[in-house]
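Hi,

Here is the structure I promised to send over. Have a look at it first, and then read on for what turned up.

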Amino acid sequence: MERRVAERIRGALNPFGFEVHAFKVGWYNAVVQPAFHLPYTDDTLAFVVLSTPSMFEKALKPFVNKERLKIIRDPVDQCVSYHLSRLKEKFPDQTVDIMFDYELLPNRKPKFLAQTAAHVSGAAYYYQRKDVKLDPWGKKKIFGVCIHPRYGGWFAIRGLLLFPDIQVPFLEQCAPVDCVSTEEQRIELLEQFNFHWQDTRYRDIIEVKEKYSEEQKAYFATPPAERLKLLGLTQEVHRSIFH
């Protein structure tokens with residue numbers, strides 16, 4: 001069952017630069033605090049959705065060109081929402097719940113911990129302070145970061161797809177690829193991500209197979225309110241969003 005569902009999802013999303021990885025809700029709930037538990041049974045089938053570097057050309061730009069008069073919030077969020085929401089049409093006999101990475105709970109905390117979901121699904125290894133034996137940071141707060149074996153840090157976790165009616169007790173868990181395996185590399189990665197994230201060096205901590213284009217780098221380096229101009233959106237649309 002999981003394989004058929006996965007093939008249908010990948011058939012719909014892969015051509016647009018997305019990547020999906022299956023997991024059981026119980027794998028995620030077992031490693032997060034109760035406040036972040038997903039309200040489903042342990043054997044519920046779920047998928048984490050990533051955007052790869054090609055999403056910018058394959059999904060975002062065509063979406064903006066087609067829907068330019070309907071852009072009412074962040075174009076990337078709206079593009080992702082469009083593609084994931086359309087998936088429900090592929091499963092007319094199933095309930096499909098979607099959680100987006102930008103959604104927050106009433107207490108302003110995220111609906112789910114994206115990097116943890118990516119790790120338990122095997123999509124990308126979530127490197128944290130606990131992965132360093134000789135901690136050099138003392139009392140400093142150090143945030144963790146996911147690294148993809150193919151894209152390094154050049155990807156994003158966009159959402160979850162949950163199928164509450166599909167139980168997969170025999171789904172086998174695949175460990176994420178530990179591609180930053182030495183102590184020195186892990187320290188360098190966390191150092192760069194926490195203190196020099198704007199220069200994006202942490203994204204290239206491994207040799208990557210594909211990365212963001214220069215146009216895409218410029219887009220994400222631009223303040224959100226000015227990104228629409230880079231996509232060629234009109235001033236009229238710009239005004240309708242921000243006023």
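Two strands count as paired if DSSP finds at least two bridges between them; strands (E, at least two residues) and helices (H or I, at least four) are DSSP runs, numbered from the N terminus. Please keep in mind that this is a predicted model, where local features need pLDDT of at least 70, side-chain atom pairs count only at pLDDT 80 or more, and totals for chains, interfaces and linings use all residues. Residues are numbered from 1 along each chain as its sequence is written, and side-chain values use heavy atoms, with hydrogens and water left out.

Now the sheet. Strand S2 (residues 44-51) and strand S6 (residues 156-167) run antiparallel and are joined by eight bridges. One of the residues involved is phenylalanine 47, whose bridge partner in S6 is leucine 161. Both strands belong to an open sheet of four strands, ordered S1-S2-S6-S3 with antiparallel pairing. Strand S1 (18-24) and strand S3 (97-100) are at the edges with a single partner strand each, so one side of each has no neighbour in the sheet.

The whole structure contains zero disulfides (a disulfide being a pair of cysteine sulfur atoms within 2.5 Å). For cysteine 146, the nearest cysteine sulfur is that of cysteine 179, 9.9 Å away. Cysteine 146 is buried at 4% relative accessibility, whereas cysteine 174 is exposed at 52% (buried is under 20% relative accessible area, exposed over 50%, partly exposed in between, with a 1.4 Å probe and protein chains only).

Best wishes
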